[in-house]
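Welcome to this tour. Open your viewer, keep the selection panel within reach, and follow along stop by stop.

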Amino acid sequence: MIVRYQHPYAAFRQLDREFERLARAGFGQRSVQYTLRSDVYTEGEDLVVTAAVPGVSPEDVTVELEGRRLSITAERREREVAEGDRYLVRGLAGGTFRREFQLREGVTADQLSAEVADGILTIRVSGAVKSAPQAQRIPIKGVANAVEGNAVEIEGEAVSEDAA
């Protein structure tokens, strides 16, 4: 007896793929847009954004800074299919990938540099990280309610007059 395991969400995945296929066929390739997988981290005073762009040539990647908004757009082109060829498995969809990030006020395009290597886009924003001021503890004054009698304040602590 052969038992085949099917993931409980397999039908949803198939439905998602079918929706993407219909969207490409009905609305054209450019209407399908995906989100870039990315990481944002700091290196010293630099902010670094990395995004996965496998199979995308550097000419098909656009990085723009508009005000505080950093936009990354990449387009993966589908392979041309010759007449008579057919896909047996298709997992590399073409389409447009886009991601946006909000940067701090005052960042200019001169502070940005970008490069693509091994399918990873790296954007470095030099001097974008400013050290946060050291946190300072603020003393809190107040009077606590006493169970009996009147409360008085003694050096930041509340005690009952009976105890004083």
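Select glutamate 105 to begin: its relative accessibility is 59%, so it counts as exposed (exposed is over 50% relative accessible area, buried is under 20%, and partly exposed lies in between, with a 1.4 Å probe and protein chains only). The term salt bridge stands for a side-chain nitrogen of Lys or Arg within 4 Å of a carboxyl oxygen of Asp or Glu. Arginine 68 is partly exposed, because its relative accessible area is 38%.

A word on what you are viewing: this is a predicted model, in which local features need pLDDT of at least 70 and side-chain atom pairs count only at pLDDT 80 or more, while totals for chains, interfaces and linings use all residues. Residues are numbered from 1 along each chain as its sequence is written, and side-chain values use heavy atoms, with hydrogens and water left out.

Next, select Glu66, Arg69, Arg98 and Glu100 together; a network of salt bridges links them. Within this group, the closest N and O atoms of arginine 69 and glutamate 66 are 3.2 Å apart. Arginine 98 and glutamate 100 also meet through their side chains, at 2.8 Å from N to O. Which of these residues are exposed, and which partly exposed? Glutamate 66 is exposed, with a relative accessible area of 55%, whereas arginine 69 is partly exposed at 30%. Arginine 98 is partly exposed at 30% too, and glutamate 100 is partly exposed at 38%. In total, the structure holds seven salt bridges.

Now switch to a cartoon view and colour strands E2, E3, E8 and E7. In the order E2-E3-E8-E7 these four strands form an open sheet with antiparallel pairing (strands, E, are DSSP runs of at least two residues, helices, H or I, are runs of at least four, and both are numbered from the N terminus; two strands pair if DSSP finds at least two bridges between them). At the edges are strand E2 (38–43) and E7, each pairing on one side only.

Zoom in on E7 and E8, an antiparallel pair joined by six bridges. Alanine 117 has isoleucine 120 in E8 as its bridge partner. Then select aspartate 118, which lies in the loop between strand E7 (112–117) and strand E8 (120–125). Is this residue buried or exposed? Aspartate 118 counts as exposed because its relative accessibility is 83%. Check its backbone as well: phi is near 55°, a positive value in a residue other than glycine. For context, most residues other than glycine have a negative phi.

Finally, zoom out to the whole protein chain. It contains one helix and ten strands, in the sequence pattern α-β-β-β-β-β-β-β-β-β-β. Buried residues make up 24% of its 164 residues.
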